[in-house]
Amino acid sequence: MATNWGSLLQNEQQLEELARQAVDRALAEGVLLRTSQEPTSSEVVSYAPFTLFPSLVPSALLEQAYAVQMDFNLLVDAVSQNAAFLEQTLSSTIKQDDFTARLFDIHKQVLKEGIAQTVFLGLNRSDYMFQRSTDGSPALKQIEINTISASFGGLASRTPAVHRHVLSVLSKTKEAGKILSNNPSKGLALGIAKAWELYGSTNALVLLIAQEKERNIFDQRAIENELLARNIHVIRRTFEDISEKGSLDQDRRLFNWEARLLLERSCAAKCPDIATQLAGTKKVQQELSRPGMLEMLLPGQPEAVARLRATFAGLYSLDMGEEGDQAIAKALAAPSRFVLKPQREGGGNNLYGEEMVQALKQLKDSEERASYILMEKIEPEPFENCLLRPGSPAQVVQCISELGIFGVYVRQEKTLVMNKHVGHLLRTKAIEHADGGVAAGVAVLDNPYPV
């Protein structure tokens, strides 16, 4: 994908001055992270890394990604309500992957007791890359859907002003006007507020469970501030706090919290609830690509099924048996065309190239391979941009981008009361980094420039 910032990227002196101005504007707008040296303190902060220029994104693909998001919301919700599908799909995975097995044990226990909650909230982010087709045209292909680690809605709401500023400094006011308005934090808060309202108690609080060392606190505060503006109060706790202090009353109302099982057994509206977290696993993503699966989960919705299926890349099971053997043989024959994915969130866990080959050779005859899936590697067209990181000089590098669309849905019992797309997130990284996002220190924040 060609870039029209080409001549600007060649002028080193101008880049340095623009970078200084961009960083100052990012700090003024609140595009912030705590530092790695002081992750528990906001006394010293830095700007979150970002691109100096917005990156070009085909308008048609951006529109396609938005158009399919409500379908993905419906699909995740349908999967989360289909206990038989989850059990069948994850049966081999839970024998080999302890993390998924523990989640599934909680799911089974809650089903046995009877699900206490009546309000269900989904805050998702579906991530895509632009696959370079043989004729050179790009196609939208899904990497994954995040049902639990759907972050950066807050900071993504603040970066458009930074790129508009950079282009305005260059007297490119027409181009600055093309930077899309984007406010995921407001939309995400809208979903939480609807779930809070349906919960039915004006004394209810929103509990945000965070890591103890949370560098990305300002991203979360953006959503908290939106809720506070609606007079909905948020309290922050860690899982450790919950384990120590949590208990339920006789009506299974949550007063403080106990780790995951305690949460799930309560009538609080969880985001995600355990079934929705399981719906976001890589194994479920792979099974959804099988012929007939979408039709079974979304009966009578052929248009939605077509929109969803158009975004799927090739996905392959590694379960023991002929199908898994064939997938491994394919990957070993052409390793540059595939990615090996474990059942993990957050970036930095996938295996590529020689690492993938070694892992597959070790796993080939082991049942442990069922804890992974194989995916076709998406190959976008690289482009040039300038990446800005604290403590590093401005760097013009060959990049690729990943587009995320935020989705929100709320269901009360069996009735869907909200289903929306609420904004986007563009992250860009140098092409030498195969895997990892902003939180992993690899990608930087960006904005789409529609072309």
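Where is the place of Pro272? Pro272 sits in the loop between α13 (260–265) and α14, and it gets its own view below.

A quick note on the model: this is a predicted structure, where local features need pLDDT of at least 70, side-chain atom pairs count only at pLDDT 80 or more, and totals for chains, interfaces and linings use all residues. Residues are numbered from 1 along each chain as its sequence is written, and side-chain values use heavy atoms, with hydrogens and water left out.

**View A. The cis peptide bond at Cys271 and Pro272.** The bond that joins Cys271 and Pro272 is cis, with omega about 0 degrees. Most peptide bonds are trans. The element names here come from DSSP runs numbered from the N terminus: helices are H or I with at least four residues, strands are E with at least two. With those names, Pro272 falls in the loop between α13 and α14.

**View B. The largest cavity.** Searching the whole structure turns up two cavities of 30 Å³ or more. A cavity here is a set of points, on a 1 Å grid over the protein atoms alone, where a 1.4 Å probe fits but cannot get out; lining residues have an atom within 4 Å of a point. Grid points are joined across faces, edges and corners, and a volume is the space filled by probe spheres set on the points. On that basis the largest cavity holds about 100 Å³ of space. It has 13 lining residues, and the closest to its centre are Phe72, Leu75, Ile145, Gln285 and Leu288. At least two lining residues come from each of α3 (59–80), β6 (138–146) and α15 (282–288), and α3 gives the most, with four. Sorted by class, the lining has nine nonpolar, four polar and no charged residues. For the classes, Ala, Val, Leu, Ile, Met, Phe, Trp, Tyr, Cys and Pro count as nonpolar, Asp, Glu, Lys and Arg as charged, and the others, Gly among them, as polar.

**View C. Binding-site positions from the UniProt record.** The unreviewed UniProt entry places the feature "binding site" at Glu144, Asn146 and Glu345. UniProt positions are given in the numbering used here, feature names are shortened, and annotations may be inferred rather than shown by experiment. Are Glu144 and Asn146 buried or exposed? Buried means under 20% relative accessible area, exposed over 50%, and partly exposed in between (1.4 Å probe, protein chains only). Glu144 is buried, at 15%, and Asn146 is buried as well, at 2%.

**View D. The second largest pocket.** A pocket is an open set of grid points with protein on both sides within 12 Å along at least five of seven lines. The second largest pocket has about 280 Å³ of space. Among its 18 lining residues, Ser80, Gln81, Ile115, Phe120 and Arg411 are the closest to the centre. Two or more lining residues come from each of α6 (98–113) and α14 (274–279), with α6 giving the most, at three.

**View E. The open sheet β9-β11-β10.** Three strands make up this open sheet, and the pairing is antiparallel. Two strands pair if DSSP finds at least two bridges between them. β9 (315–317) and β10 (338–342) stand at the edges with a single partner strand each, so one side of each is left without a neighbour in the sheet. Three bridges join β9 to β11 (residues 372–376), and Leu315 stands opposite Met375 in β11.

**View F. Strand β12 and its partners.** Five of the six residues of β12 (residues 383–388) are buried, so β12 is largely enclosed by the rest of the structure. Two bridges join β3 (residues 50–51) to β12, running antiparallel, with Phe50 opposite Leu388. Five bridges join β12 to β13 (residues 395–412), also antiparallel, and Asn385 has Val397 as its bridge partner in β13. The hairpin of β12 and β13 has six residues between the strands, and Gly391 takes a positive phi near 80 degrees there.

**View G. Positive phi at Phe152 and Asn231.** Most residues other than glycine have a negative phi. Phe152, in the loop between β6 and α7 (153–156), has a positive phi of about 75 degrees and is buried, with a relative accessible area of 4%. Asn231, in the loop between α11 (217–228) and β8 (234–237), has a phi near 65 degrees and is exposed, at 56%.
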